[in-house]
Amino acid sequence: MAKVKLEIVTAEKLIYSEDVDMVVAPGVDGYLGILPHHTPLMTMLNPGELRIKNGGEEIEMAITGGFMEVRPDKVVVLADAAERAEEIDIARAEAAKKRAEERLAGKVPEGDLLRAQASLMRALMRLKVAEKRRRRGKL
Ligand code: ATP
């Protein structure tokens with residue numbers, strides 16, 4: 001069966017590099033399923049879940065937004081941050097959520113408000129991805 005090369009990269013490191021069957025990514029206009037030989041495209045990504053299907057295996061990752069370039073034989077995801085569902089530190093995400101909520105509840109300048117909102121979105125998305133995996137009984 002045809003495969004597509006997937007690379008997930010952050011500013012710090014190469015997170016993932018494999019030939020895979022399918023990628024489902026959180027595009028800004030909705031989730032995008034990418035199979036081998038897909039039409040070329042470029043899109044920004046929202047914070048959300050990125051799923052990789054390979055053979056019988058399925059990998060879930062939380063990504064905090066970024067950019068995706070699709071070519072027929074290769075998909076490159078430049079992510080702000082990416083963690084596999086099983087690597088998500090739930091206590092850390094809960095603490096980040098609490099901090100952001102406290103900041104949003106107080107009187108803060110507009111720039112800080114946007115930062116707090118973005119931080120809250122990242123924390124909620126990480127918790128959602130980790131919880132989904134836990135419910136599937138994989139922990
Ligand atoms: P925090 O306030 O806890 O640092 P954040 O949303 O500001 O959260 P990011 O800037 O998105 O964190 O990420 C910084 C680094 O920490 C990245 O490498 C990211 O993968 C990692 N990271 C952040 N939160 C978690 C988490 N809950 N579990 C695992 N890794 C995390």
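Trainee: What percentage of the 139 residues in the protein chain is buried?
Mentor: Buried residues make up 38% of them. Buried means under 20% relative accessible area, exposed over 50%, and partly exposed in between, with a 1.4 Å probe and protein chains only. This is a predicted model, where local features need pLDDT of at least 70 and side-chain atom pairs count only at pLDDT 80 or more, while totals for chains, interfaces and linings use all residues. Residues are numbered from 1 along each chain as its sequence is written, and side-chain values use heavy atoms, with hydrogens and water left out.

Trainee: How many helices and strands does the protein chain have?
Mentor: Two helices and eight strands. Both are DSSP runs numbered from the N terminus: helices are H or I with at least four residues, strands are E with at least two. Along the sequence the pattern is β-β-β-β-β-β-β-β-α-α.

Trainee: Which residues touch the most other members in the largest nonpolar core?
Mentor: That core has 20 residues, and L6, I8, L50, I52, M68, V75 and V77 touch the most other members. A nonpolar core is a set of buried Ala, Val, Leu, Ile, Met, Phe, Trp, Tyr and Cys residues joined through side-chain atoms within 4.5 Å. Strand 6 gives this core its largest share, five residues.

Trainee: And what does V75 touch, leaving out residues up to four places away in sequence?
Mentor: V4, K5, L6, E7, I34, M68, E69 and V70. There is also a second, separate core of six residues, including A85 and I88.

Trainee: Changing topic: which domains does the assignment give?
Mentor: Domain 1 is 4–85 and domain 2 is 88–138. Such bounds come from an automatic or database domain assignment. The C-alpha centres of the two domains lie 22 Å apart.

Trainee: How many residues of domain 1 are in contact with domain 2?
Mentor: 14 residues of domain 1, and they meet ten residues of domain 2. Contact means heavy atoms within 4.5 Å.

Trainee: Which residues lie nearest the centre of the largest pocket?
Mentor: E83, R92, A93, A96 and R126, out of 13 lining residues. Helix 1 supplies the largest share of that lining, five residues. A pocket is an open set of points on a 1 Å grid over the protein atoms alone, where a 1.4 Å probe fits, with protein on both sides within 12 Å along at least five of seven lines; lining residues have an atom within 4 Å of a point.
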